[in-house]
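Have the viewer open while you read.

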Amino acid sequence: MKYDVVIIGAGPGGIAAAHNLINNNISCLLIDKQKFPRNKLCAGGITSKTFDLLKELKLKKEFTGENTIISEGAELYLEYKYITKIKSKGLTYMVDRFDFDSYLVDDYKDKGGILLEEARVKNIDEKNNIITLGNEETIEFQYIIGADGAVGMTRKLVDKNMHANGFCLQVDVERSKFKYDTDYMSLYYGIIPQGYGWIFPKKSYLTIGFGGDYNKNFDYNGEFEKFLNKLGINCDRKDFKGAFLAFGEHIKNPVNKEKNLLLVGDAAGLVDPITGEGIYFAMLSGVKASNLIIKAIKENSPNEVDKYKYEIENITKNIGKGAKLKKPIYTFRKPIFNAMKNKKIGDFVFNECLYESNYCLLELLFHKNKM
């Protein structure tokens, strides 16, 4: 088999790139190690800017997940003390990733896109442009888009020293077993170092989790159990699901030295270091990476991919600033969150800074207040 582009990983970043490529008549193959429909450890909060981005992919139908709830904002807690309720500037769609990812993949296949499921990539020969699968089948490519996450193979090919620096635990709880009378998400700060806990409601269940910077000495199962018990929830630990993730450490140049492999989403470390939002950045980077590859192929100009680092500079710049601000934010969490009881301050911090991942503004706020 031979394709212009092979995309490894059919999550939001990979599937966004795949849609963009097939829309531009570029031959591509999408590979995933799992079989769809499949679930994904994710709170499932998708901002309205992500749905705006979906319009660029020319999907044939709109997403209508049966468990989806549209949330207008968030309730903030410091430890377990209620702080304030803030209406967000844009809606957040609480989706079931099982449904959402299948919707994107099915629409891609409806366009004639090729998906290779339950396929393990055994080796990538970047110099000779050959992928070898676990069954020894080989695939020739001109370009690869690496979308296989923070612990995937493609990330190691670009920067072997970059490791996932975050970890989260999560569990789904039937809504009938826990009283939760709002469609707002709930965010709990101060219950885990350099991170937060969450409740993201869906129609029939609640997604509850916590995550932050990874610390091998931290008792994740024990502390997560305490968090659930404080909420009045008892769960068996066997129901907990955990995952390593990129959490504010992005790869400086997400293009390999052969200039035929571009990383997107979690594989490139494009995750908000404070909120943990990654789906928007994954899809946006997937579109940007594929746009450069399209131009490189159509104009026979392989150096186009060198521009990718600069195309995503607005993302990486804010991730870098957010990563630096994370420590002072958690150090001064009490005055910061208590100040957010003031509607103007709360709206500014939550909407202009956190919702937009705009840490240039938050940096200015810190400097102004000399924290």
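Predicted model: local features only at pLDDT ≥ 70, side-chain atom pairs only at ≥ 80, totals over all residues.

1. Glu79 comes out at 26% relative accessibility, so Glu79 counts as partly exposed. Its phi is near 55°, a positive value in a residue other than glycine. You'll find Glu79 in the loop between strand 4 and strand 5 (81-94).

2. Ser357 is another one to click on: it isn't a glycine, yet it has a positive phi of about 50°. The place to look is the loop between helix 10 (343-355) and helix 11 (359-369). Is Ser357 buried or exposed? At 4% relative accessibility it counts as buried, because the cut-off for buried is under 20%.

3. While you're checking the backbone, have a look at the peptide bond from Phe36 to Pro37. That bond is cis, with omega near 0°. Pro37 sits in the loop between strand 2 (28-31) and strand 3 (45-47).

4. Strand 11 (residues 185-189) deserves a slow look. Five of its five residues are buried, so the strand is mostly covered. Which way do the side chains go? Met185, Leu187 and Tyr189 point one way, while Ser186 and Tyr188 point the other way.

5. Now for the neighbours of strand 11. Strand 4 (residues 69-78) runs parallel to strand 11, and five bridges join the two.

6. Strands 11 and 12 form a hairpin, with five residues between them. In the turn, Gly190 has a positive phi of about 90°.

7. Helix 3 (residues 97-110) passes a simple length check. At 1.5 Å a residue, its 14 residues should span 20 Å, and the end C-alpha atoms are 19 Å apart, which agrees.

8. On to charges. How many salt bridges does a search of the whole structure find? The count is 19. As a reminder, side chains of opposite charge can pair when their charged atoms come close.

9. One of these is Lys89 with Glu356, where the closest N and O atoms are 3.5 Å apart. This pair links distant parts of the chain: Lys89 is in strand 5, Glu356 is in the loop between helix 10 and helix 11, and 267 residues separate them. Lys89 counts as partly exposed, at 46% relative accessibility. Glu356 is partly exposed too, at 33%.

10. Arg175 and Asp183 form another salt bridge, with 3.7 Å between the closest N and O atoms. Arg175 is buried, with a relative accessible area of 17%, whereas Asp183 is partly exposed at 37%.

11. Lys238 and Asp239 meet through their side chains in a salt bridge as well (3.6 Å, N to O). Asp239 is partly exposed, with a relative accessible area of 37%, and Lys238 is exposed at 67%. Elsewhere, salt bridges that share partners join Arg38, Arg97 and Asp101 into one network.

12. Last, a look at the outside. Val151, Tyr214 and Phe244 form a nonpolar patch on the surface, with about 300 Å² of accessible area together. Val151 lies in the loop between strand 9 (138-146) and helix 4 (153-158). At 55% relative accessibility, Val151 counts as exposed, because that label applies over 50%.

Terms used:
Residues numbered from 1 in each chain as written. Heavy atoms only, no water. Buried < 20%, exposed > 50% of the residue type's maximum accessible area, 1.4 Å probe, protein only. Helix = DSSP H or I, 4+ residues; strand = E, 2+ residues; numbered from the N terminus. Pairing = 2+ DSSP bridges. Patch = residues over 30% accessible without salt bridge, like charges linked within 9 Å, V, L, I, M, F, W, Y side chains within 5 Å. Areas by Shrake-Rupley, 256 points an atom, 1.4 Å probe, with all protein chains shown as cover. Salt bridge = Lys/Arg side-chain N within 4 Å of Asp/Glu carboxyl O. Expected span 1.5 Å × (residues − 1).
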